[in-house]
Amino acid sequence: MTQKIRIGLIGTGRIGQVHAASIDRNPLFELTYVADPFIAGAEKIAAQYGGKVTDDAEVLLTSGEVDAILVASPTPTHVGLIRRGIELGLHVLCEKPIDLDIERVEELREEAANAKIVIALGFNRRFDPHLAEVKHRVAKGEIGNLEHLLIISRDPAPAPREYIAVSGGIFKDMTIHDFDFARFFIPNIVEVSAVGANVFCDYIKDEGDFDSVNITMRGANNELVTVINSRHSAYGYDQRVEAFGSEGMLSATNVQSTTIRAYTANKVEAADPYPNFFLERYAEAYSLELTAFGEGILTGNVTSPTYDDGRAALVLANAALESAKTGKAVKVSL
């Protein structure tokens with residue numbers, strides 16, 4: 001390819017910095033513009049990776065110097081920026097969730113479905129090589145009919161109170177990745193049951209949120225999905241998947257930096273801790289997610305999660321919250 005895709009980055013917070021590094025490493029893209037109301041953040045990214053800077057996303061969007069945008073700005077801006085991408089013919093890779101309000105998501109759904117651009121949602125776990133391999137082997141029929149999917153996701157420690165207050169709650173902020181990953185295996189979820197608890201973090205409880213949740217979902221063919229989430233884990237970032245089928249089981253365990261184990265008089269099979277941050281665990285997945293977005297733009301063969309995938313994850317998140325509050329299973333139609 002002789003000409004790279006010119007991409008503009010909107011938002012230079014923690015996740016924006018991760019995406020900037022991925023863009024810099026990716027041969028399909030060139031970072032040509034960076035936007036953030038906090039101009040110092042944009043200037044720092046541009047100094048490291050190149051591109052012009054602005055404190056106004058609209059300047060980036062109408063510059064004529066970008067072919068695509070990567071939206072890493074706060075959630076309330078996502079719908080508006082996707083809409084502008086559609087209007088201006090700019091391809092969009094947007095971080096999750098699309099919005100916290102399903103009505104705003106629905107308002108743009110038809111327009112997004114008819115758009116002539118690629119709209120991809122940032123559900124990076126689909127691209128993790130270990131998790132994607134499990135999905136590939138399930139799809140090949142290695143374990144027969146999929147009957148039960150178990151997803152375990154525990155963070156090392158809760159996010160700060162200030163973040164929790166605007167996150168939309170654990171189901172929309174944390175479990176939403178698991179909702180999408182469940183649909184990667186079982187697209188047609190028809191029922192959601194959830195239980196939430198507050199067992200270790202007072203400020204999460206004060207915000208009306210849960211620090212621990214268990215979710216059970218049922219697929220249209222009676223497949224079961226169990227999701228276990230916690231906002232803390234003393235031993236690091238805990239990410240595991242188990243797919244159980246009629247002819248066997250596949251699992252992906254936690255990824256560690258080394259396979260070395262220590263055996264002494266005081267301990268056996270001692271290993272280094274798990275990664276302590278999601279950016280470490282899923283660094284490769286973020287890079288592969290960006291590559292899939294670029295290849296979709298160039299070839300028209302889009303494999304990235306779509307706007308409708310983002311909508312479906314939010315529908316499931318809302319159903320889980322309703323179930324956790326009412327104690328009743330909630331029927332859903334995706």
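A polar contact is a pair of N or O atoms within 3.5 Å; within protein, one atom must be able to donate a hydrogen and the other to accept it, and residues adjacent in sequence count only if both atoms are side-chain atoms. The views below come from a predicted model, in which local features need pLDDT of at least 70 and side-chain atom pairs count only at pLDDT 80 or more, while totals for chains, interfaces and linings use all residues. Residues are numbered from 1 along each chain as its sequence is written, and side-chain values use heavy atoms, with hydrogens and water left out.

**View 1. Helix α6 and its two ends.** Helix α6 covers residues 129-139; helices (H or I, at least four residues) and strands (E, at least two) are DSSP runs numbered from the N terminus. At the start of α6, a side-chain oxygen of Asp128 comes to within 3.1 Å of the backbone nitrogen of His130. Leu131, Val134 and Val138 of this helix are buried, where buried means under 20% relative accessible area, exposed over 50%, and partly exposed in between (1.4 Å probe, protein chains only). The buried residues of α6 fall within an arc of 55° when seen down the axis, so they line one face of the helix; the arc is that of the directions from the helix axis to the C-beta atoms. Just after α6, Gly141 has a positive phi of about 90°.

**View 2. The parallel sheet.** An open sheet is formed by 6 strands in the order β3-β2-β1-β4-β5-β6, with parallel pairing. β3 (52-54) and β6 (119-121) stand at the edges with a single partner strand each, so one side of each has no neighbour in the sheet. From one strand to the next, the twist averages 20°. Two strands pair if DSSP finds at least two bridges between them; strand β2 (residues 29-35) and β3 pair in the parallel sense over 3 bridges. Val34 stands opposite Val53 in β3. Helix α2 (residues 39-49) lies across β1 (5-10), β2 and β3, and runs at about 175° to β3. Axes are lines fitted to C-alpha atoms, for helices over the stretch in contact, and angles run from 0 to 180 degrees between N-to-C directions. Contact means heavy atoms within 4.5 Å.

**View 3. The mixed sheet.** An open sheet of 7 strands has the order β12-β11-β7-β10-β9-β8-β13, and its pairing is mixed. At the edges stand β12 (248-252) and β13 (330-331), each with a single partner strand, so one side of each is left without a neighbour in the sheet. β7 and β11 pair in the antiparallel sense over 8 bridges, and the bridge partner of Leu150 in β11 is Glu242. β7 and β10 pair in the parallel sense over 7 bridges, with Asn229 in β10 as the bridge partner of Ser153. Strand β8 (residues 189-197) and β9 are antiparallel, paired over 8 bridges; Ala197 stands opposite Ser212 in β9. Helix α13 (residues 307-326) packs on the sheet and touches β8, β9 and β13, its direction making about 50° with that of β8.

**View 4. Helix α9 and Asp180.** Helix α9 lies across β7 (146-154), β8, β9, β10 and β11 (238-245), running at about 160° to β7. Asp180 is a residue of α9 (residues 175-185) and counts as buried at 2% relative accessibility. Leaving aside its neighbours within four places in sequence, Asp180 is in contact with Phe123, Arg126, Asp309 and Ala313.

View 5. His19 is found in helix α1 (residues 14-25) and is buried, with a relative accessible area of 2%. Apart from neighbours within four places in sequence, the contacts of His19 include Tyr286 and Glu289. Tyr286 and Glu289 are among the buried residues of α12. Just after α12, Gly300 takes a positive phi of about 80°.

**View 6. Backbone details in two loops.** Most residues other than glycine have a negative phi, and most peptide bonds are trans. The peptide bond from Lys96 to Pro97 is cis, with omega near -20°. Pro97 lies in the loop between β5 (91-94) and α5 (102-113). Asn222, a residue other than glycine, has a positive phi near 70°. Asn222 lies in the loop between β9 (212-219) and β10 (224-230) and is exposed, with a relative accessible area of 52%.
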